[in-house]
Amino acid sequence: MSSIRTPLLRTFGAATAVLLLASACSGAGGGGGGADSVNVLMVNNPQMQDLQKLTADNFTKDTGIKVNFTVLPENDVRDKISQDFSSQAGQYDVATISNYETPMYAKNGWLAPMDDFVAKDSAFDQADILEPIRQSLTAADGKVYAQPFYGESSFLMYRKDIFEAKGVTLPEKPTWQQVAEAAAKVATPEVRGICLRGQPGWGQVMAPLTTVVNTFGGTWFTKDWQAQVNAPEFKEATKFYVDLVRNYGEAGAPQAGFAECLNNMTQGKVAMWYDATVAAGLLEANDSPIKGKLGFTQAPVVKTDSSGWLYTWAFGIQKASKKQDAAWKFISWASGKGYEELVGKNLGWSKLPDGKRSSTYQRAEYKQSSGSFSAQAEAAIKGAKPLNPGVQERPAPGIQFVGIPEFTDLGTQVSQQISSAIAGATSVDDALNNGQGLAEKVAAKYKGQ
Amino acid sequence: MAVITRERPVVDRPPPVPRKSYPKWARRAPLLPALIFLIVVTQLPFVATLVISFMKWNSLDPTNRGFAGFDNYVNVFTDPDLRSSIVNTIVLTASVVLISLVLGLGLALLLDKKFRGRGFVRTMLIAPFLVVPVAAALIWKHVLYNPEYGLFNGILNWLGFDAQPDWISTMPMSAVVLSLVWQWTPFMMLILLAGLQSKPIEPVEAATIDGASSFQIFRYLTFPHLRQYLELGGLLGSIYIVQNFDAVFTITSGGLGTANLPYMIYQTFYQAHEYGEASAAGVIVVAGSILIATFALRVVSSLFKEETR
């Protein structure tokens, strides 16, 4: 018996070590490609998959530049970009980055500025890019470092039919108090008043909640890096949000993210939903059971004029890339007006990578397919103020996030506490006092600078 | 034990070759590529992780990189979230392994009897183990637990109960444990069933003739025979469940006090981009797992030995 015990144990010990370590490390692949080719690293969102489909038959055919795509989920993309770009290995010429990373990557010296390319390329028409989007892709040095592929803000979606039946109306620009009153009036045991994200994650519950904090007059940090997470305004906003979800929100709120709320809304389980503008296209899709029953208003406000967030996936060029001209040609094509038309004609106008250009909202075909919400979505993006989203000056850009590398972790840790508060497992006060401690640690790093 | 007898199969001897012309290393040389491969894919990453665990390395902050000494380890041990994640890992692993061992033992005893459709039932019972872990977690989150359209509340509704509890929010840890028990019970059942079916029939017949009750047969014959299979199931199950990530990530996203160590490492690596701290936590997990695997099993098996002697 004992004769096999020890080897067996060793085998399992070693196996454990191997299995656990295998997850800790990942290597880099090979680079290369010919002179007339660019390597593009992309996030695997549906719009990017459309781009991949259309590139060979259009861009490569016209310019002779071959495009090699690497498509990965969001977290892996972020990781791969920071690995390749931080060492300036030059494996990827172009990568999709969001407006969260762009200013930070630019500050690290990982990205090539695009101002010269833009100046020479009149067909690209930089002035057509929506101002807040351009602003959010501009670094502290005033240069543009990325061009948007599509953009979004947040707004309020509601069921017109339910509101009419109950005799409840919402103004064009409701306040959060009006939304809470409306939620109370339309809520029934079958249909909840409002769907708000409660799932932990800096990109889940923290995104809508931070916009609420902004408009209640709160902020994560003051201009001189004082953490404000348990300040009265932050607390008031969080209490409002948590109470609203607990009283009139969707069932299972502590696990509900974008996907769950989309489900609840589509199935008619909730009467309102405050979330990304891209959701409207999904709710108004041809196979949606609630198509045509929807109304849209701007993001609810309290102390600010607008409160919608701003997010965009954009293309940046690696500074070490030796094929920057070819890379710009690709970006100019993919972010250009011609590509929008190509998608509209080939794949349908509802699939347009929208939310980045003024001209998109002038297209007759686009208005026809997205008419019910396109004006509100455009207004939401145009009203976003990425540099000044609240009532006080901010130390870093960002509306639903703080544009510092530490925020993904800070936001996620605080979000887990908020999620517990929504579940009733902890109080908002305790959650935010813990959050304040975490935020102070982050602030301490920046105070001296 | 059957395994021992199979350990040294008779190998056809090669034709006699003058030994002296081959030094020892030459006879072992053909193994070298495999050995090098093993070292490259297992030991080098471990060394790299060890080195990184002593470094200040935030991937988004490339200018501030360097040697950190034991800072990362100090951070890991002083971070209250990380400490509670260690407790969570232990609670999660112990409860899943124990519950699925007990359930697996029951199912294995049932399946050891002959009945019509046994093969079909066995296949159905194994099915949960074959489901991809993240898919299983999604099934539990959406199809079963969801308070709006989940099957659990659907059944309550159908039975005429008004209560529509929010399962995950009210009992987050049990929700994760239950979904894992569902996946791992078939695994335990398979191992224990193999044990039951290798049990010699003669002692049982002799015991029956001597007038032993079926409980006595289970207690003094079947159970001691199953001991090593229980240990094996417990050990393998622990190794895999300590690492479980899918269920926590999908069902609760690490919220509501369910974050375990693998989830915390994921968060440190992907959200905080703290490669140094994540590596330190990874090294601690490896050390802990090896320690537990070695000592716990030794303790358990020596206890069993004393009892059965």
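Trainee: Which residues are buried in H13(A)?

Mentor: This is a predicted model, in which local features need pLDDT of at least 70, side-chain atom pairs count only at pLDDT 80 or more, and totals for chains, interfaces and linings use all residues. Residues are numbered from 1 along each chain as its sequence is written, while chains are lettered from A and ligands numbered from 1 in the order in which they are written. A residue is buried if 20 or more other C-beta atoms, placed from the backbone, lie within 10 Å of its own, exposed if 12 or fewer, and partly exposed in between. Helix H13 (residues 324-334) of chain A is mostly covered, and its buried residues are Ala326(A), Ala327(A), Trp328(A), Phe330(A), Ile331(A), Ser332(A), Trp333(A) and Ala334(A).

Trainee: Why does Val77(A) count as buried, and with which residues is Val77(A) in contact?

Mentor: Val77(A) lies in helix H3 (residues 74-86) of chain A and counts as buried because it has 22 C-beta neighbours inside 10 Å. Its C-alpha atom is 6.0 Å from that of Val43(A), 34 residues away along the chain. Contact requires C-beta atoms, placed from the backbone, within 7 Å. Setting aside neighbours within four places in sequence, the partners of Val77(A) are Leu41(A), Val43(A), Leu72(A) and Thr96(A).

Trainee: How many helices and strands are there in chain A?

Mentor: Both kinds of element are DSSP runs numbered from the N terminus: helices are H or I with at least four residues, strands E with at least two. By that definition, chain A has 17 helices and 9 strands.

Trainee: What share of the residues of chain A count as buried?

Mentor: The C-alpha trace of chain A spans about 75 × 65 × 55 Å along its principal axes. Among contacts in chain A with a separation of 6 or more, 75% join residues 24 or more positions apart. Of its 449 residues, the buried share is 52%.

Trainee: How are H10(B) and H12(B) oriented to each other?

Mentor: The axes of helix H10 (residues 172-197) and helix H12 (residues 214-242) of chain B come within 9 Å and cross at roughly 150°. Axes are lines fitted to C-alpha atoms, for helices over the stretch in contact, with angles from 0 to 180 degrees between N-to-C directions. Angles under 35 degrees count as roughly parallel, over 145 as roughly antiparallel, 65 to 115 as roughly perpendicular and the rest as oblique. H10(B) and H12(B) are therefore roughly antiparallel.

Methods:
Two residues are in contact if their C-beta atoms, placed from the backbone, lie within 7 Å.
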